[in-house]
Structures are given as structure tokens and as C-alpha cells.
Amino acid sequence: MLGLLALASAARGQQAPSLDFPVLLQRLVDVDWLWQPPLAGERCVQFSSYDRQSDAGPGDATKWYANDDRGHYLRTVDTPAGAEHVMVDAAGPGCVARIWSANPSGVLHFDVDGARVWSVDFARLCSGTLEGVPEPLAGMRAKGGNCHLPIPFAEHLVVSATAADLYYHADVVTFPAGTAVPGFSPDVLATHRAAIAACCERLRAPEPMLSGAHAPPACWRVEVPPGRVVRELLVHVTHRPAEADLGAAMRGVLLVVRCGGEETVRVPVGDFFGVGGSSTVHRGTRLGFFGSGYCRFPMPMPRGGEIELVADDGVPAGARLPQLRLSVLHEAATFAPEPLLFRASFHLAKGTPTRPFADHLVLDARGIGRFVGTSLLVRNPSRIWWGEGDEKFTVDGEAFPSWFGTGTEDYFGYAWCCPEPFQSPLHAQVQCDGPMNYGYTVLHRTHLLDSVPFRRSFRFELERWHWTCDIEVDYRTVAYWYGAAGATAGLPVVPGAAERALLPLPPPPQFAAAGAIEGEDLRVVSLSGGLCEIQNLAVVENTFSRDAHVWWRDGEPGDVLVLAVPVAEAARYRVVAAFTRAADFGRVQVSLGGQRFDGVIDGYAERIGSTGPRELGVVSLPAGEAQLRLELVGRNPHAKPRHMVGLDYVRLEKLP
């Protein structure tokens with residue numbers, strides 16, 4: 001409770017708190033400080049590798065949604081040991097609250113208060129394998145490296161990297177002037193080993209304090225007396241009929257919270273607890289679902305309040321969903337100054353086209369408050385990656401967002417559009433249906449040390465940036481935040497139960513060319529140079545037959561690849577083939593059964609795609625196997641010099 005007492009005392013006297021490493025660590029697990037109004041000068045900002053073209057602002061849509069988010073730094077410094085790329089340069093007092101990277105490599109240098117105090121292997125720091133920074137304070141989650149270790153500094157911090165091409169985020173909290181923040185040194189990891197271990201244990205989400213055994217026989221409404229703080233809210237799922245879709249039922253009922261006379265939460269139960277098309281277990285430190293949903297964000301209620309489950313179609317909640325029951329644990333509390341109230345705000349955007357690029361509004365809060373987390377559910381009718389979109393936080397009307405991210409999966413702590421579900425105390429990919437990123441994806445992130453304080457306004461926009469241009473997607477988000485009495489979310493009203501239903505998805509499209517002899521099925525007879533392998537091309541969905549091609553890469557002009565094509569019977573055939581085109585593909589001369597076809601196939605295109613079926617010519621072939629000969633003859637002047645070749649399929653059309 002050290003962090004809580006320090007901050008509560010400071011808030012009463014409007015004095016800046018004293019925040020050493022143990023207190024900052026304690027803030028991850030004793031979180032009543034979240035509902036204290038932010039002090040003047042308190043901020044949380046993000047340093048990231050976002051595409052600097054976006055500095056042009058939203059007036060230039062092409063640059064605003066630019067997606068080259070790798071290897072951008074504040075500056076590069078030449079040193080006798082080599083170049084150092086500066087990621088963070090911040091004035092104190094403050095604290096690094098989170099570091100993420102999709103490709104952590106090389107060394108990170110931490111210059112704290114004018115001295116280099118720590119040089120650490122970046123990959124180990126973000127993997128949970130570094131001594132003193134264990135799981136779950138750090139860890140690789142679905143190919144993304146994460147570190148939540150507090151790294152405090154009193155006056156100044158510079159973080160630099162030896163790797164030049166990183167994707168990275170660094171979330172930095174700055175405290176009011178005069179806050180006592182002893183600077184970090186790696187010695188604290190050994191000195192406070194026991195405190196780190198205790199923090200990790202408490203982050204791992206123990207069983208709820210309220211158990212199903214203590215649930216009331218039927219309760220859909222709980223009144224909270226004045227002067228109390230809700231410590232835990234639990235929605236029990238007491239039984240699940242085999243024919244019932246629990247996820248659908250939970251989206252049909254609303255969780256409603258009122259503090260005094262003010263409604264602070266009106267969110268579908270399933271969305272509130274991060275439940276998607278299935279009721280997958282995830283155990284976060286403050287929010288999760290394990291067959292029943294729990295919330296441990298403290299909810300101060302100085303004037304009392306009520307929590308209830310409401311069916312918005314006129315059917316009583318007990319009749320609509322008899323298997324849900326509500327339990328609330330609260331205790332007496334003293335509030336000085338007036339606390340921020342816990343809030344959760346829902347926004348559903350259905351049938352949104354993927355072009356032109358646009359932003360999904362997660363929250364547009366007005367008033368004093370603190371942003372503490374997000375849940376996101378995406379309906380994606382394609383296997384192709386939907387989440388290149390960056391998060392953008394605009395605080396107190398600033399001219400440019402103080403958070404500008406590098407991709408939706410990066411914000412949620414994973415990377416490379418990895419469909420692997422994961423759960424950890426502060427973030428999770430709860431569900432990803434697949435194949436690839438097709439279907440429903442459910443994500444959650446909790447902000448604690450990196451919660452974002454605001455004194456007038458907070459706007460969270462999440463770019464909708466899908467690689468497929470001509471489809472529609474659904475986004476549904478929940479923003480978790482604290483706001484002073486009268487604060488507003490700036491979102492549309494929650495739609496009715498019918499509109500909130502998750503629509504069924506058609507099977508994912510897959511193209512298969514009629515009568516095709518697939519390139520990936522052909523036997524390699526010989527190869528004079530380069531490498532030949534099978535490449536999956538589902539990333540350009542519905543373009544290549546069976547989503548693959550035979551891929552010849554890094555040959556040189558004059559090199560030859562020979563493939564064996566099966567021939568069912570001796571006959572004259574019209575030969576049709578489809579090849580791959582991309583920016584680094586070359587030109588090839590094609591022969592079959594000893595006959596050279598006229599012209600060459602030019603594989604150059606700005607973006608990856610297919611030539612489509614090309615008629616090569618007519619040839620007489622005996623039964624058995626015919627040799628398909630591909631000879632590299634150069635490249636288009638605009639092509640990058642890798643001379644790659646891709647064969648999607650061959651079709652032999654028998655002639656009379």
C-alpha cells in the first residue's frame with residue numbers, strides 16, 4: 001500500500017509524491033492511485049518508430065496513414081563503439097512504464113540523469129529471461145517482446161539502441177516538478193528481488209475473492225451504500241445449457257453501473273469481460289473471464305450506487321439469462337479529494353469499408369480523468385491481416401497525438417499479425433478464429449503504470465488499416481477509464497441487442513484454378529542457380545490457386561530451373577500457365593517438352609499479384625512427364641535485382 005498512501009497524502013496536500021522503485025513496482029498491484037485526480041504536470045507519452053510521414057497531419061490522408069513504421073528514431077549518434085539510435089529523450093522526473101518491440105535485437109543503453117547506468121540485451125529484456133526481470137513483468141507474446149519493469153529517472157533519460165531497424169514503443173510517465181524519483185540502476189533488481197517476485201505473483205491474477213459458491217441464488221441488481229469502494233465485480237455463469245450460445249446471450253444483456261445518480265458503465269456483458277464468439281478463458285490482473293467474468297478495477301462510490309444486469313429489449317434479465325448472477329465485494333473508504341469514478345464506454349461500428357482508410361473512435365472523453373485500458377473485437381471476413389492501424393492518443397487538445405503507434409497488434413503487445421492466442425496479466429489475444437486472421441479476433445490491454453492522465457480531454461482513435469481493399473469489417477471496443485463526476489465519453493448510444501449480435505461469417509474464400517497442375521506439386525528435375533521452394537501466398541488472399549506457388553529466388557540471368565509436368569496421355573495440348581508478379585521478380589523464357597514458346601514472361605509489378613492465366617502456345621506431348629524449362633533472361637528496368645520467379649500453375653488443355 002506504499003504507493004497508495006504516498007499518492008493519497010500528496011493529493012490531500014497537493015504535494016508531489018515520493019516515488020522510488022519499490023513504490024512504482026507496488027503501483028502495478030495496489031491500484032487505488034488510479035482514481036486519484038491527476039496532479040498538474042503528470043503525463044504519459046509514447047515514443048515509437050511510427051512513420052514520420054504522418055507528421056504532416058490528418059490533412060494529408062496518404063501520409064497520415066503511412067505504414068513504414070520501422071527504424072525511425074529521434075536521432076542517430078556516432079560513438080567510438082558504433083552508431084547509437086536514440087529512441088527516448090525525456091525530461092524528468094519520470095519513469096519508463098512499458099517497452100515493446102516486434103524485433104528486439106542488439107543492445108539498449110539507458111542513460112539516467114546524465115550517466116550510462118545500464119546496457120542490456122534488448123531481446124532478453126523483453127523475453128522474461130533476464131535476471132531480475134522475470135515473467136510476467138516481461139515476456140514474448142505471439143512474437144511481440146514486452147517489458148513492464150519500472151525504470152525511474154530524476155532529471156533526464158535517454159534510451160538508445162544499437163540496432164538500426166527496430167519496431168519499438170516506449171511509454172514514459174512524467175511526474176510533477178519536485179517529485180522525488182531516485183534514478184534507476186540495475187542494482188535495484190537484486191536489492192528488491194523479493195519485491196519483484198511478490199509483484200509478479202500478485203500480477204498473475206489469483207482466483208476471485210468472490211467464488212461461485214457464495215453467489216446469491218438469483219441476483220441481477222446490487223445496491224452499494226455511500227462511502228464504499230467496489231473491490232470486485234463478478235458475473236457468475238452458474239450453468240450453460242448445451243443449446244445456448246453463451247457469448248450471444250452475454251452480448252444481449254448490459255452491465256450497468258451508477259455512481260450516485262450518474263451512469264458510468266453501460267456495456268454488453270460479453271464485451272465488458274472480453275468475450276467474443278466463444279467464451280475463451282483469459283486471466284488478466286484487473287479483468288478477465290474464466291467461465292465467469294471478473295473486474296478488479298476499483299470503483300469508488302462516495303455517494304453510493306448500484307450495479308445491475310439489464311436486458312434492453314424489455315425482457316427481465318432474470319428471464320433472458322437465468323444462468324447469470326451478479327456478486328459485488330465492496331468496503332468502506334475515505335475519499336479526499338473527490339475521487340474519479342470508474343467508467344467503461346462501448347462503441348460498435350458495423351459494416352465499415354476498408355477503403356478509404358479511417359479511424360475507429362474508441363473514446364472522446366471530456367473532463368478530468370485517466371485512461372486505463374481497452375478491449376477490441378474485430379469481425380474480419382478475410383484471412384488477410386486487418387490490423388496495420390496505429391493507435392493515436394490526443395490529450396488535452398494537443399496539436400499532435402502524444403501517442404502514435406505502429407500497428408494494432410503492437411498496441412496490444414504482440415507482433416507480425418500472429419494469430420496465436422495468448423494471455424498475460426496486462427494484455428491478451430483472447431481469440432483468433434483463423435485460418436490466419438479470418439473470423440473473430442478479441443484483444444485486451446490494461447494500462448496501469450502507463451495509464452494516461454488528462455485534465456480536459458482524451459481522444460483515442462484506432463486506425464482501420466486492412467490489406468484487403470474491398471471488404472467490410474466490424475469493430476467493437478470498450479474503453480476503461482476513470483473520470484470526474486460529469487465527465488462524458490463522446491460516443492454514440494449503445495445500440496439495441498439485435499444490432500449488437502455477432503453476424504455469422506461465410507467460409508473464407510480460397511481460389512482453386514480449374515484443371516490446374518499446381519506449381520507447388522511439380523518435381524524439381526534440375527536447378528542451375530539460386531534456391532527453389534514452396535511459398536504460401538495466402539497473404540494475398542484469393543489470388544493464387546490453393547494459396548501457393550513454386551518459388552525460385554536469387555538466380556542469375558542464364559540460370560535454368562527444370563520442373564517435371566505430368567502428362568496423362570499422348571496428345572496435342574494448348575498450354576496455359578499463371579505466374580507470380582512482384583517488384584523483385586525477373587523475366588523468364590519458357591519451354592515445354594523441348595519446344596520454346598514465343599516471348600518472355602515479365603514478372604515485374606509494383607505489388608505482388610498474378611499474371612492470371614497466360615496462353616503460352618500449342619505443343620504435342622507423349623504420355624508420362626514433360627520437362628518445363630524456365631530460363632532467367634534478365635529483369636524489367638524497374639525491378640529490384642533479385643530475379644525471382646514464381647509459377648502458380650500449369651494447365652494442359654487437350655486439343656482435338
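Modeller: What follows takes up confidence, strands, sheets and cores in turn. This is a predicted model, in which local features need pLDDT of at least 70 and side-chain atom pairs count only at pLDDT 80 or more, while totals for chains, interfaces and linings use all residues. Residues are numbered from 1 along each chain as its sequence is written, and side-chain values use heavy atoms, with hydrogens and water left out.

Colleague: How do you know how confident the predictor is along the protein chain?

Modeller: The value to read is pLDDT, the predictor's confidence in each residue, from 0 to 100. Its mean over the protein chain is 92, and 92% of the residues reach 70 or more. Over residues 1-14, however, pLDDT stays under 50.

Colleague: What makes β9 and β10 a pair of strands?

Modeller: A strand is a DSSP run of E with at least two residues, numbered from the N terminus, and two strands pair if DSSP finds at least two bridges between them. Strands β9 (residues 138-141) and β10 (residues 144-147) run antiparallel and are joined by 4 bridges, so they meet that definition. One of the bridges links R141 to G144. The two strands form a hairpin with 2 residues between them, and A142 in the turn has a positive phi of about 45°.

Colleague: Why are β2 and β6 called edge strands?

Modeller: An open sheet of 5 strands, with antiparallel pairing, has the order β2-β3-β12-β5-β6. Because β2 (75-79) and β6 (115-121) each have a single partner strand, one side of each is left without a neighbour in the sheet. For β6, the partner is β5 (residues 107-112), joined to it by 6 bridges, and V112 is the bridge partner of A115.

Colleague: What makes a group of residues a nonpolar core?

Modeller: Such a core is a set of buried Ala, Val, Leu, Ile, Met, Phe, Trp, Tyr and Cys residues joined through side-chain atoms within 4.5 Å, where buried means under 20% relative accessible area, with a 1.4 Å probe and protein chains only. The largest has 133 residues, of which F110, W118 and F272 touch the most other members. Strand β34 (residues 472-483) gives the largest share, 7 residues. A second, separate core of 29 residues includes V550, V588, V619 and A626.

Note on methods
Contact = heavy atoms within 4.5 Å. Buried < 20%, exposed > 50% of the residue type's maximum accessible area, 1.4 Å probe, protein only.
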